[in-house]
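This briefing covers aromatic pairs, helix packing, nonpolar cores and confidence. Please read it alongside the sequence and the coordinates.

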Amino acid sequence: MMRMLMRRSSKQLRPRNWFLFKQLESGSQNLSVNGITFFSFYFPQIVFLFHLIYTLVKDYCFCNFFSNFLSLTKFHCNLSVLMKKAHKTMQAMKLVNPFASLSEEIKSTILDCLDEDSETKKSFSLVCKSFHSIESHQRKTLKPLYIELISRILTRYPLIHHVDLTYCPRVEDRVLWSISNAYWSTLKSINLSRSRFFTHMGLSSLASKCWGLIELDLSNATELTDAGAAAIAEAKNLEKLWMARCKLVSDIGIGCIAVGCKKLKLICLKWCVRLTDLGVGLIATKCKDIQSLDLSYLLITEKCLVPILQLQYLKELILVECPGIDDVGLGILKESCKSLEVLNISKCHNMSNVGLFSLINGAERLSHLSLAYGSAVTDDFAKCWYKLSGLKSIKLDGCLVTFSTIKAIGDWCVSLKELSLCKCPGVTDEGVSYIAQRLLQLQKLDITCCHKITCASIDSITNSCSSLTSLRMEACCMVAQEAIVLIGQRCQSLKELDITDNEIDDEGLESISRCTKLLSLKMGVCPNITDCGLSHVAMSCQKLIELDLYRCISITDDGIAAVANGCPALESINMAHCDKVTDASLLSLSQCLQLKVLEIRGCPCVSSVGLSAVATNCKKLSILDIKKCCNIDDTGMISLARYSQYLKQINLSYCPVTDAGLVALASISRLQNMTILHVTGLTPNGVVAALFAFRGLMKVKLHTSFKASIPQSVHSVMEHRGCVFHWRNKAFQVETDPNGWQIQLPRHDG
Amino acid sequence: MSSPEEKTLILKSSDNEEFLVKESVAVQCITIKNLVEDGCDLDAIPLLNVDSKNLAWIIEFMEKYADSTSTDAEKKDFDTEFVKKPFNDVLGLILAANYLNFPALMDVMCDACANEMKLWSVEQVREKFHIQNDYTEEEEKAVRAENFWAFE
């Protein structure tokens, strides 16, 4: 039909129209734009043609036909002129209001670029009703805050693929039923890992209605029974399933899942302690597509490993602390899995190198091996490293590593990129130097708590490993200051450096500031570094995201100001027990708009003024630790309540906050985790009032002295909401001599 | 018409300006690629919805991306400089990229547009796009409340 029109149009126009037509053909999905073009050029011809036919049929008279033809031609010319004018006006309009000509599809594409930025998308939806509609159809991920408001959201957003309920501690079956009704055709993934109170009936409606469901996270569903597992089995297309800590699920339940979810690729059964070889064996036999299997802490034996190692696509096998797997049992295994790439047998105390070799015999693609805190690494083992020459990552944390083991690794595992010798007591300079000279591709090295290492090791490492991106050497106390200078001079591709509890001074820091690509720098317990050294780092390491200055007691406001000015991408800073730091530091830090984690515990000179400054500007603040900040009071809490809407976790133990301050915090809708030990300004009534006001709280740490004064009815209400109390019995601590903590090694906060 | 050497196409903008582009570079635009495959490349290819200003930029972009010697980092730097244009031009380029079906340019420009929008408030968006607020006061309040309280 179109081609017929083409032939009848005037010859001069033909080449142009032909190209237009071809363009339309190829760009037909852009119909809205091309449609305008089509009509503006074809319409006159179409109208003319139909008018001509009509006239001919009507008149049957040549004379009339001729006069009509002339008048129609005039009409055609006028129409043509009009259409061209209209086209020009439309083009002009585009210049004034270009956004109007963007199709819904393009607007949706622009919104796709904002997928990580929910706030901007929300602003978009407020512009006008049509934008609201576009945003409603574009959004694919939903993370509800209050479960009571979910029904409105389900109507507003009809095309959700992924629902994340981690902010909702109480999710009942009716909620799951509403979600499955709303998103039966689109839902792909749902996260219920922090929610309780749903039963197998809710799960059944999800699994059976949402046929596209491929990911389901049910970790921590400690009350889930076999009936729940049978409900999961109805999700026939399920590919990824996390069931960590589902303690009540037994072999029967897992058997149902094995039979029902044939397409499973990933399953995590960590801590599902009722499972035995039978259940796990069924998964391995029925779900042939499994790629990743986590069976940590289960009481399984080598019997289930037989079918597991026959899985054709198995890539990852995690068997942390499986006491039932031992050498004797492993001896029966003929051959390992050829496709296996990642194996983790940390804490398997009954497995030695003999058992390990039965497990990896024939696993040619093995690239990641973790033997942390286990018994497999012995001198005998050293003879067999040649079988593991393809390894890229080895973790030997806490193992009794001797020189022969390290020598063997250095000799054979030449493509090694990542090596962890954290807390290995036997590591010496001889070993580290040997390995450094041979593992030239090493990118990540962890020698935390290797107390025998001295400067010589650091010299070797920095000389040979030029591609080093991560170095962790916390508590290598024999390493002298000179070594740190070498790190800065030679390892300039470093992105992560942990020199906590090392001898380092400003000269060392000045050298480290040459590592301009640093993202994470941990220098806890370095009392000799001062503002001078810190400002070198601040000026050069502009990409810094994380900075740990725990107990760096010589740091003052000037140093922190330098960091705030020089590191705009800063997200996490720890200034705990830096007692010279005052409000001025917090004022400077308020420039770091990306700040998410702030730890200022034990800083007596900061007050509510500083905290308010941070709260006002750092809108992304989500973790705050102000324990023992004896000058932060209710005013600080009120600022947080007003501005820090993303706050998830707060520790205000020992702060002079009263009931009013605590209740103010309740307006922060995302607060989930709160520690309020020894807050002397609180009364039982105040705490009860606050607890009622918090809607999304999941975990509260309180002193046991409050337990008796909170009525049982309040306990029930909180439990009903999904909030868990953690009672602590720590006595009131007055800060003793500041060096008393040095006896504990290493430093790890809870 | 298959010749072993590099063929040059003539692209004509809506304001009749002609641009010479190598075929291997121009076929990044799927619209042009289809035209060439259908054998319509004898004369100049008229691109009626793309004016000369946009076409010049698009050709610059295409040439950078067709160049196999430039690394990813270089391309990223080029993109960063390329998107530093007034917002109306960014939108114009998006429309042109859509018309020509040029995915690489579309991605870069949509990203630039999104990044610009991140910095604006609701009122600024309305101003920039000359959009009338058709919400009533109650409706707007309800949407704001929903946005704030109901989900992240």
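In this predicted model, A:W727 is buried, with a relative accessible area of 19%. A:F725 is likewise buried, at 15%. The count of aromatic pairs over all chains comes to 15. The rings of A:F725 and A:W727 make a stacked pair, because their planes are at 15° with the centres 5.2 Å apart and planes under 30 degrees apart count as stacked.

**Other aromatic contacts**
- B:F148 and B:W149 pair edge-to-face, with 90° between the planes and 5.0 Å from centre to centre.
- B:F148 counts as partly exposed at 37% relative accessibility, and B:W149 counts as partly exposed at 34%.
- A cluster in chain B is linked by ring pairs and consists of B:F61, B:Y65, B:F78, B:F82 and B:F102.
- B:F82 also has B:K85 over its face, at 3.8 Å from the ring centre.
- In chain A, the charged end of A:R170 sits over the ring of A:F197, 4.1 Å from the ring centre.

**Helix packing in chain A**
- Helix α31 of chain A spans residues 712-721 and has A:V714, A:H715, A:M718 and A:R721 buried.
- These buried residues line one face of α31(A), because they fall within an arc of 125° when seen down the helix axis.
- The packing partners of the buried residues of α31(A) are α29 (684-693), α30 (705-709) and β24 (724-728) of chain A.
- A:G722 follows α31(A) and has a positive phi, near 100°.
- Helix α10 of chain A (residues 200-209) has buried residues A:G202, A:L203, A:S204, A:S205, A:L206 and A:A207.
- The cover over the buried residues of α10(A) includes α9 (173-182), β3 (189-191) and α11 (226-232) of chain A.

**Nonpolar cores**
- The largest nonpolar core holds 203 residues, and A:I179, A:I190, A:L192 and A:L640 have the most contacts inside it.
- Another core, of 59 residues, lies apart from the largest one and has A:L102, A:L111, A:F124 and B:F129 among its members.
- Beyond its neighbours within four places in sequence, A:I190 is in contact with residues including A:H162, A:L176, A:I179, A:L206 and A:D217.

**Confidence**
- The predictor gives an ipTM of 0.83 and a pTM of 0.81 for the complex.
- Chain B has a mean pLDDT of 85, with 96% of its residues at 70 or more.
- Within chain B, confidence is highest in helix α8 (residues 137-149), at 91, and lowest in strand β3 (residues 45-46), at a mean of 82.

Methods. Residues are numbered from 1 along each chain as its sequence is written. Chains are lettered from A and ligands numbered from 1 in the order in which they are written. This is a predicted model: local features need pLDDT of at least 70, side-chain atom pairs count only at pLDDT 80 or more; totals for chains, interfaces and linings use all residues. Side-chain values use heavy atoms; hydrogens and water are left out. Buried means under 20% relative accessible area, exposed over 50%, partly exposed in between (1.4 Å probe, protein chains only). Helices (H or I, at least four residues) and strands (E, at least two) are DSSP runs, numbered from the N terminus. The arc is that of the directions from the helix axis to the C-beta atoms. Contact means heavy atoms within 4.5 Å. A nonpolar core is a set of buried Ala, Val, Leu, Ile, Met, Phe, Trp, Tyr and Cys residues joined through side-chain atoms within 4.5 Å. pLDDT is the predictor's confidence in each residue, from 0 to 100. Rings of Phe, Tyr and Trp (its six-membered ring) pair if their centres lie within 6.5 Å; planes under 30 degrees apart count as stacked, over 60 as edge-to-face and the rest as tilted. A charge sits over a ring if NZ of Lys or CZ of Arg is within 6 Å of the ring centre and within 35 degrees of the ring normal.
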